Structures are given as structure tokens and as C-alpha cells.
Amino acid sequence: MSVRTAALWVPDWPVLAAMTVERVPAHAPSAVHDGRRITAVSSPARRQGVRRGMRRRTAQQCCPELVLLTADPGRDAREFEPVAVAAEGVVAGLEVVRPGLILLPAAGAGRYHGSEQVLAERLVAAVAEVGCEAQVGMADGVGAAVIAARASTLVPVGTTRAFLAGWGIGELRHLTVGAVTEVDALVDLLVRLGVHTLGDLARLPRGDVSARFGPGGEWAHRVASGEDDRPTALRRPEPDVAVAQDFDPPVERLEATAFAARWLAQELNEAMVAAGVGCGRVQICATTTEGSELVRTWRTDTALGGLSVPRLTDRVRWQLDGWLTARSLGRTGVGQDPEPAPLARLSLRAEEVVAVGAEQGRLWGQAAGADLRAQRAVHRVQGLLGVEAVLSARVQGGREVRDQVHLVPWGEDVPPARDLDAPWPGRLPAPAPATVLVAPQAVQLCGTDGRRVQVDARLQVSAEPAVVWWPDGTSQNAVTGWAGPWPIAQRWWGAGHSPSRVVYLQATLDDGRAVLLALTDGVWTVEASYD
């Protein structure tokens, strides 16, 4: 018998999240697009005839005042977290299937709250407190629960198959997260074969459906039969796991802390194994006799084996090595680090703790042997040359392309120096370049008149860009398309800053390349390239 499941659905969540972030009025017709087609539509836009799957131009023809918002899965997940937390206040364990849809076991929760009707009312009320409208449905099986939530219905026990029979076969599209294309193709094929409802599909022999359509067809048949018995993957907040050791007397040499680091790493590992949990980050904190703290946070990267006891010991040793070396050389603290002093306490804390097996896997499966060997090689280089010897690039806020690159030690979880979500007026429009050159490459950009392209104070180009001449003076590429120009004038507001004015231009070349050109003090350079 299928597990009794409840589903909480917030309609049109991607467009609601985008409207909230962009501060679009609730009455304005809005839609989210992926660059080509509409992926989510608000209720006012739907009344104007806008539908999912439409091309942007077609949607704007239906509703000229339509506000188009860019799809952003990260934004959707961030904005949905308060909704998940509110639902967790009613039911302790839940599964976030995707932003906008939550699953939870209904049998025990319904008994605890008195009835399933009371549980549904309390879930809706809890979500309403964070400013969202939600619908709750309950049925036997995950797929039926999601369809019931879309209808805001509580399906009585044992009647799920009859409830599903009248629904169209297209409802299967709402039950998938990643395999959207495959489900769309399956639905289209079933409709062409005359299977129009879930009841039509359920009446077919499952063996024949599986033989004809494979695993996807068997899954669809189970859903249509009300036998989708996949258990919900509960999201339970786990407490952080921490271990610590005090030094008496305080230590000033790296050798004196090596054994403590190894012991703490072993103790933290044993505590996590005993609790049956894993973690996404490990925080290392060293406290001095002056009361200052040196804190570093490292990503464990569970897909690449996580931080084992030896590797965690190395991380602690590298951190303390830099700390104590700075003290022995008489250097002052750098950046946010406090002044060097003898160490009085060392602690390790596992953060983002989750039950073992609940970690998010990599997109294409677990790490291969080559990935693990490369990871170990990087750690070895860091052990020989220091943590700062191997850097990785992160994105941060900024106007120029080079300002948006933030180099951090490999494996260290360092916040960006500039806020990525700040407005940054004048920033180049998306998409961002895939490769930023270490040093700009000087080129000559000539127009259709054969002269060098100039940009005046009103951002008017002297001629249509036609040819890019490379530094050797003999090779050239024709410009097949271009966009811009975009000016960036900054650092003129303070006496201690050197003002700069750069004009950017995007261009595609006849050899298939796409480059970002910059005009600075009358000289054209290639700053970056696009994939």
C-alpha cells in the first residue's frame, strides 16, 4: 500500500520569487523566461493569455505591458527557504522537491495535529505568515499528493486511483524535477497513441507499458495507478558537531599543536560517525591568550571524498603554521586576522550537518578516480608550498570584468570582498565572459571606412566595426556582429583614487570566437573571450 503523503504547493513560485527580488508590484503581469521561452507566469499575466512555453515575443504580443524576469534557480531556492522553515514549524521532517513544492509524511503528522484537515489548515496558515499563499493536498503516494495539492484536495484513503482516473495525462509534467524533456516526450507519445487520461494509462497492463516505454513508462503507470510509493527524503535540521581542546600552558610552536590537531580531527570524525551524519563545511577556530580568534572555514566537498582525518589534520596544521610563523617573524595580523599571540584553545566545528546519505551528489554521479587523484595532488601542493599557493576563482561584485574575479585559497570558504548582489550600476550585461585574459591584448579595431573605430562622449561610434587586427599586424578577423558600447567611469569621486573611463564592446568574429573589447585612452584591447 502506498505511503500517505502530503504535498504543499506554492503556485507560480519562480515568478513570485523573481517579483519579490525585483520589487515588481503584485498586480503587474509578469513572467519568467530562460532566454527563449516563458517558464513561469503570474496570475495577472495568465488572464491576459500568456502561457508557459510561449516565446518571449509571442507573450509580449499577448500582453504588451508584460514584465519579463530572468530565470534564476539559485534565487528561487534562497527565497523559498523561509517557506520551508515555516512548514518545518508544523511538521519536523519534510522534503523540498523543488522551490515551490514540499512533500512530507502525512500519517503521523495528521494524527499528531488531530486530523489531516487540521494539518492542512495549519500548514497553509504557517506559510501565510511569511507572506505566501499555498495549497495543500494529501493522497496515497507522492505523485497523487502533488496532483491533489494542485487541486487543493484531501483524497480519502483508498480512493487515490479513482481520484487520478479523470486527470489528463499531461499532469505527469508537474511531477518531475530533472527529466522534463523525457517526460514531455513520453506525454506527447501517449497522447498520439490515444492515452489521454491517467485512468486510460492505469487500465493498460504494466508489463506491456514497461516493455514499450521503458523505466519512464513504468514510473508513469505507477503514478496513474496510485502506487507511487517512493518515501519522502526528510529534511531534518541537525545540530553542529564541535570538539575543542585548551592549551595549558599556551603554545607558541607548531610542533606542540600537531598532536592536538590530530586528536581533535579524530574525535570530530568519531563524533560524526556515532551520530550518523556528514557535513558540508568544517570551521577551524584558534583562540589566543589575548582573547582574539583566528577562524577559517573549509568546504568538505563530499563528492570528492570529504575531509578525512589526515586531510583535516593538514588543514589545521597549515592554518596554525601561518599563524605561528607570523608571530615568530613579528608580523602583524593581515586583513581580518587578529594580532599574532600564543594559542590557548583550538576547536573544530562541523557545519551544514546532514544525515549520512542525504548529501547532494554531483550532477553526473560520484567522483571518478582521476578527480580524487587531482584533489589529493592539490592538497599535496598546499602542504608543500602553503595554503595560498593554490588559488581558485570565485565571482564577486564589481563593474569591470577583472573586478569580478575573487581569488581564494583552494578549498577555503571565503566570503567575497565585494557584495555580488549590490546594484553595481554600469556593470556589463549578461552573459559574463568565460575567460578573462591575465593581461589585456592590444589590437586594432577598424571600421567599414578603414579607419580606427573611435567612441565620442555621447557613445557614438565613428564607423561600423568591421575588422580586428592582431598585434603581429598581418592577421585579421572580420567582425560578424557586435553590441555596445558600454561605458564605465569610476573612481572619480575621491582624491585618493585614480579616475578611469573604459568603453566596452562585444564582438563576434568570422572564426566563431566572441571577444570583449575595451577602449582605454584611445587604445583597443581584448579583455576576455566568450564560449
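This is a predicted model: local features need pLDDT of at least 70, side-chain atom pairs count only at pLDDT 80 or more; totals for chains, interfaces and linings use all residues.
Residues are numbered from 1 along each chain as its sequence is written, and side-chain values use heavy atoms, leaving out hydrogens and water.

**The sheet**
- Four strands make an open sheet in the order β5-β6-β1-β7, with antiparallel pairing; strands are DSSP runs (E, at least two residues) numbered from the N terminus, and two of them pair if DSSP finds at least two bridges between them.
- β5 and β7 (135–140) sit at the edges, each pairing on one side only.
- On average, neighbouring strands here are turned by 25° against each other, direction ignored; axes are lines fitted to C-alpha atoms, for helices over the stretch in contact (heavy atoms within 4.5 Å), with angles running from 0 to 180 degrees between N-to-C directions.

**Strand partners**
- β5 (residues 95–98) and β6 (residues 101–105) pair over three bridges, with Val96 opposite Ile102.
- Two residues separate β5 and β6 in their hairpin, and Gly100 in the turn has a positive phi of about 110°.
- β1 (residues 4–9) pairs with β6 over five bridges, and Ala7 has Leu103 as its bridge partner.

**The helix**
- Helix α6 (residues 116–128) lies across β1, β6 and β7, at about 145° to β7; helices are DSSP runs of H or I, at least four residues.

**Cysteines**
- There are zero disulfides (cysteine sulfur pairs within 2.5 Å).
- Cys62's sulfur is 8.3 Å from its closest cysteine sulfur, in Cys63, so it's too far for a bond.
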